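Look at the model below, then follow the text through it one region at a time.

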Amino acid sequence: MRFGRTLRESIYPPWKDHYIDYSKLKSMLREQNGDDDDVPWTEEDENRFCDEMFNVQLDKVTQFQAKTAASLQQRADEVFEKLRELAPSDDEQKAASTDSRLKELRTELDEVVNDVKELKRYSSINYTGFLKITKKHDRKRGDRYKVRPMMRVSLAQHGLNSEQGYSNLLNKLSLMYYAINQTVEEDEQQQQPLQLEHQEEVHNGEKYTAYKFWVHGDNLLEVKTAILRHLPSLVYSQQSAKELDGNNDPKVTSLYFDNSKFDLYSKKVGRLTDASTVRLRWYGQLNDRPDIVLEQKILHEDGTSEERKFSIKDKYIKQYIDGEYKMEKSIQKMERQGQQNDSIETFKATAEEIQSFIVNNKLGPVMRANYTRTAFQKPADSRVRISIDTDIAFIREDILDRDRPCRDPSEWHRTDIDNSSMTYPFKYINQSEVSRFPYAVLEIKLKEEEGRKRPEWIDDLISSHLVHAAPRFSKFVHGVASLFEDYVNNLPFWLSDLEGDIRKDPEKAHEEEEQKRARQAEDVQAVDSLLGTSARRSSYKPAASSPVAKSYLSERALSEAKAPRIRPVEEADDIDADEVPEGAEPSSAQRNYGTLSSVFPGFSRSRYARSKRQRAQLPEGVTRPEEWLKNAGPLQIEPKVWLANERTFLKWQHICVLLGTLALGLYTAAGENFTAECMGIAYIAIAVLAGAWGNYMLHRRRTMIIERSGKDFDNIIGPLAVSVALMVALILNLIFAYRKAFDRFGQTMPNASKTAFVVELF
């Protein structure tokens, strides 16, 4: 069916003027007139088409969607306020009046829900229309201009066909339905609150709640380590999905069925009643003869899903699909093994039902999904099951094009892939037949047990910034939408999310989650007040860092942290010792060991000294911790830190040896010269001082490293003392030598010559 016809049949009459004008856009592309192919497509034509599509049609659709969504939210809030005014009563007359009023409110809720469904269909059909028309443009007029990428980005920015905007509204509607159905006494089944974040499934008669998420590659390792803290990693062997193995994560292949009209896809995207998915699944390579399971997953009207499956050998699959084989040999084998008649009849009924479904709907393999699965589960404990699928690729398996089929029509699978054991990323097949999913898919399944709450670490993972919620994601739907876009007229809502970055800012994600939980807690509290019970009282408690739980103290601390902390030196000097908070760090003289900052507070320009001068008084009620976080945990120091300390020590010893050699030579050559002997002894003392200082600093800095001290490692006392001592020694040596030479010169010269020499000298 062409999309234009699908669009006309999907129009909701009250909103008919607000849909995309698909025919007009096609006429502007000259799609309907083949004679215009010889007329060149000019810059003016391109500008006129883009202006109509982006500035007229897209704005019309997005504005109407936003306006309608706001109107529905307002109507739901009005019903919610009316519901809060009602309260249960023991008076029979008043109770009857309340029941009548509640029925009226439920009718109003039904109208809101119906409009929400229509708005979702409106968004979906228009979203598909914009993608269809841009694809036609790029195929027919895309030699110089490609507008489809720009359209995808625009659709993602406007949130068209995204379910994120409906989540809060539907959750509130669900709570109101629950409250009304619990209060009104009727024989009809009471509706339970729905949760968009999960989907209920039934496996072997047991109910599970399934949560699905996308995980960006940058966060994949962190997600796996968060799960491994609580669940061990399980890997299924390639021979059987029931045997545990210690090998690497297996490759899983799911071969999905549909017909040429993609009826199963359309029902699943449209969430129609009893929508089904049929697939063949096996682990590893098909050449290894793995166990192949044929599965049918049925989505019921109440939102729950059910699985039917049985094992089948690969040599019987083609005959079974064509309706020529009724699983007789498997039934005979079960009878020879002496299995119970109930299990045999159940197997036979399942095989017949699935085969009838395949034959009646003319189903055949159309697409395969190949991925690597990592499973997490405690042995013999199915209460919590988690799987992460990576390296996801979708490959065409259809025979829609009879001239160039993707697989041999006489086979049930692609032999070019399976016979060669081809693996991801499937480089050796036609790349137009492959679509690779950019993220990993995380699925959490929790077994429903009365009185058992969801594990806290699961809540933390679900609400963290590491995952992106994708509650309705389906590999079958995504694979068909990405590979067979020309064959389908309805696209899934999550395609727009692929155009953006799903990574989130941790702080922003935490605040949004806290606000969401607070709103849900308020809604639940309102429902409890209506029901007159506290049995469903929410256990939600805002986190200390949550914006919902911000106190005066936290606001004050935040304002003080943002305020400038620089205090003038004069003001800092005027602070008394009594004003220092209890538990504060030692005084300047104790902390700034061996530095001039103990004498001249403004001398040091290090970061430590600046932070000490700018230190602000702690807020009221906040005490300094006894142990810093940096000091917690095992001591880990890089070798280069120790080597740097030893290298400084060797430098000091080098100075000591040089001065000692100079002093020893001077003392030896002095002879009977007393001054030379004294200077030699002075240089020896300076050399000993340099060596002692180097040894002292070696041990001192080693202690600071071990203690993880935040003090400065530089110390100018030692170098300054050695430099001053050398300068003093050299100056004294010069003075003594000059005086001795002057005295010797005065003894040998006559007085007249001495006077003349002095006069001439001055």
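Predicted model: local features only at pLDDT ≥ 70, side-chain atom pairs only at ≥ 80, totals over all residues.

Ala 380 lies in the loop between strands S9 and S10. Ala 380 is exposed, because its relative accessible area is 90% and a residue counts as exposed when the value is over 50%. Its backbone deserves a look as well: Ala 380 is not a glycine, yet its phi is positive, at about 60°. Most residues other than glycine have a negative phi.

Strand S9 has pairing partners. Strand S5 (residues 251-258) is joined to S9 by 8 bridges, and the two run antiparallel. Within this pairing, Thr 253 has Asn 370 of S9 as its bridge partner. Strand S10 (residues 384-396) is also antiparallel to S9, with 9 bridges between them. Here Ala 375 stands opposite Ser 387 of S10. In a regular strand, side chains alternate between the two faces of the sheet.

Strand S10 also contains Asp 391. Its phi is near 50°, a positive value in a residue other than glycine. Is Asp 391 exposed or partly exposed? Asp 391 is partly exposed, because its relative accessible area is 35%, which lies between the limits of 20% and 50%.

The peptide bond from Tyr 424 to Pro 425 is cis, with omega near 10°. Pro 425 belongs to the loop between helix H12 (415-418) and strand S11 (434-436). Most peptide bonds are trans.

Glu 335, Asp 342, Glu 345 and Glu 352 form a negative patch. Helix H11 (residues 341-360) supplies the largest share of this patch, 3 residues. Asp 342 is in helix H11 and is exposed, because its relative accessible area is 58%.

A patch of another kind is nonpolar, with an area of about 680 Å². Its members are Leu 720, Val 724, Met 727, Val 728, Ile 731, Leu 732, Ile 735 and Phe 736. One of them, Val 724, sits in helix H22 (residues 717-748). Val 724 is partly exposed, because its relative accessible area is 42%.

Note on methods:
Residues numbered from 1 in each chain as written. Heavy atoms only, no water. Patch = residues over 30% accessible without salt bridge, like charges linked within 9 Å, V, L, I, M, F, W, Y side chains within 5 Å. Areas by Shrake-Rupley, 256 points an atom, 1.4 Å probe, with all protein chains shown as cover. Salt bridge = Lys/Arg side-chain N within 4 Å of Asp/Glu carboxyl O. Helix = DSSP H or I, 4+ residues; strand = E, 2+ residues; numbered from the N terminus. Buried < 20%, exposed > 50% of the residue type's maximum accessible area, 1.4 Å probe, protein only. Lys, Arg positive; Asp, Glu negative; His and termini not counted. Charge placed at Lys NZ, Arg CZ, Asp CG, Glu CD. Pairing = 2+ DSSP bridges.
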